[in-house]
Amino acid sequence: MESSRVTRRSFLGASGAVLAASALPRGAFSPLQPGAEADCIAISSANGIGAVATARAAVMERKLRPVSAAVLGVAEVEADPNDTSVGYGGLPNEDGIVQLDAACMDGPRHNAGAVASLEGYMHPAQVAERVMDRTDHVLLVGPGAKRFAHEQGFREENLLTEASHKAWREWQATRKEDDRLWPLNGADPDAPWTLGETRPWGTIHCSVLAPNGDLGCCTTTSGLAWKIPGRVGDSPLIGCGLYCDNGVGSAGATGRGEAAILTGGSWLVVERMRAGDDPVEACLHALRRVAEQTLRASSWQPALWAKDKPAFGLTFYAVRKDGLYGSATMVGRRGSGKFAVANARGARLEESAILYELPA
């Protein structure tokens with residue numbers, strides 16, 4: 001009787017062709033277009049123009065793996081007290097405490113690490129990378145994440161700046177009795193994507209493509225301002241705030257985290273690239289899915305939908321293994337939506353595609 005024992009070698013031999021085929025979309029692409037020179041491409045949200053330059057240099061000059069380059073790039077934003085959406089200076093939760101979320105994903109190993117509701121550590125993305133590299137876990141939260149950061153030698157510090165504390169006090173002074181449903185204490189449902197809303201949020205995502213076609217990504221945030229303590233957004237959730245498949249591409253999200261979570265948005269973007277979409281098409285597809293789901297959800301929470309469109313901002317970013325990249329945002333005016341990219345032509349801002357374009 002023939003043995004049914006499956007060894008690692010026989011499994012890899014039998015499945016190799018299938019795995020290789022599954023990584024390629026229709027109209028299959030290769031890491032480089034014919035005649036193209038190998039390059040490193042880093043993309044991020046618009047607040048990461050310095051981050052993409054740093055990430056690209058980390059790959060090209062220091063030979064860091066893409067995921068580590070992305071983590072290094074976003075560290076600049078995490079340390080910037082003037083960016084109130086990430087790291088030091090991030091806007092706090094209802095209790096006035098800064099809680100940070102972050103995740104990173106390594107394409108070649110298809111591994112990831114994440115932390116959520118982390119208090120007292122400026123660089124949650126670096127802690128997430130340690131979770132990925134030094135544990136068999138993916139996500140650590142709250143006190144457990146804090147204990148791990150301490151064990152790994154990260155320095156604990158006060159992340160609440162005077163400016164962020166002042167903003168929290170002003171919110172407290174005008175807070176409604178129950179402001180936990182959209183539009184969240186005064187956010188304008190007709191234009192919540194504009195700066196100055198009473199419930200700002202923000203994040204930085206960074207995806208990196210190395211010249212050899214390897215991919216890595218990272219997303220880090222302080223989350224929604226004045227959130228319920230312990231609220232976790234999409235940023236540390238694999239497949240929601242970021243996703244990477246080394247055979248296809250990498251993607252991430254910024255904006256309303258709940259929408260990205262309910263859609264599995266970043267995973268969906270990568271899967272659309274696997275199916276043959278270019279990065280912009282893939283991002284727009286995910287946004288359309290979010291819009292469809294939001295319209296259904298508006299039957300019980302009407303303020304989520306206003307003037308025939310979702311009443312919140314959400315942006316996806318993507319880079320494909322062949323070097324194509326792009327971004328798309330839910331709502332905006334032409335020229336208003338930007339994302340950062342760095343390649344051989346330098347670091348710069350480019351325009352995101354818009355699903356629902358507003359009049360000029």
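This is a predicted model: local features need pLDDT of at least 70, side-chain atom pairs count only at pLDDT 80 or more; totals for chains, interfaces and linings use all residues.
**Entry 1: the whole chain**

I began with the accessible surface of the chain, which comes to about 15900 Å², with 54% of it on carbon and sulfur atoms. These areas use the Shrake-Rupley method with a 1.4 Å probe, and for residues only the protein chains shown count as cover. Residues are numbered from 1 along each chain as its sequence is written, and side-chain values use heavy atoms, with hydrogens and water left out.

Next I looked up burial: 53% of the 360 residues count as buried. Here buried means under 20% relative accessible area, exposed over 50%, and partly exposed in between (1.4 Å probe, protein chains only). I then checked contacts (heavy atoms within 4.5 Å). Among those in the chain with a separation of 6 or more, 67% come from residues 24 or more positions apart.

For secondary structure I found nine helices and 15 strands. Helices (H or I, at least four residues) and strands (E, at least two) are DSSP runs, numbered from the N terminus.

**Entry 2: the sheet**

In what order do the strands of the open sheet run? I read eight of them as β4-β3-β2-β6-β5-β1-β13-β14, with mixed pairing. β4 (139-141) and β14 (346-351) are the edge strands, each with a single partner, so one side of each has no neighbour in the sheet. From one strand to the next, the twist averages 10°. Two strands pair if DSSP finds at least two bridges between them. β2 and β3 (residues 111-118) are antiparallel to each other and share six bridges; Met 105 stands opposite Ala 112 in β3.

I also followed α2, which lies across β1 (41-45), β5, β13 (338-343) and β14 and runs at about 20° to β13. Axes are lines fitted to C-alpha atoms, for helices over the stretch in contact, and angles run from 0 to 180 degrees between N-to-C directions.

**Entry 3: helix α3**

I took α3 (residues 66-78) next: its 13 residues reach 18 Å from first C-alpha to last, close to the 18 Å expected at 1.5 Å a residue. That expected span is 1.5 Å times one less than the number of residues. Is α3 mostly covered or mostly open? Mostly covered, I found, with eleven of its 13 residues buried. Pro 66, Gly 73 and Glu 78 are among them. The cover over these buried residues includes α2 (49-60), β2 (100-106), α4 (124-134), β5 (204-209) and β6 (215-221).

**Entry 4: two arginines**

I found Arg 65 in the loop between α2 and α3, where its 26% relative accessibility makes it partly exposed. Leaving out residues up to four places away in sequence, Arg 65 touches Asp 106, Arg 109, Glu 129, Met 132 and Asp 133. Its side chain has a polar contact of 2.5 Å with that of Asp 133. Such a contact is a pair of N or O atoms within 3.5 Å; within protein, one must be able to donate a hydrogen and the other to accept it, and residues adjacent in sequence count only if both atoms are side-chain atoms.

Arg 348 sits in β14 and counts as buried at 15% relative accessibility. I traced its side chain to the backbone oxygen of Gly 346 at 2.9 Å, and to the side chain of Glu 350 in a polar contact of 3.0 Å.
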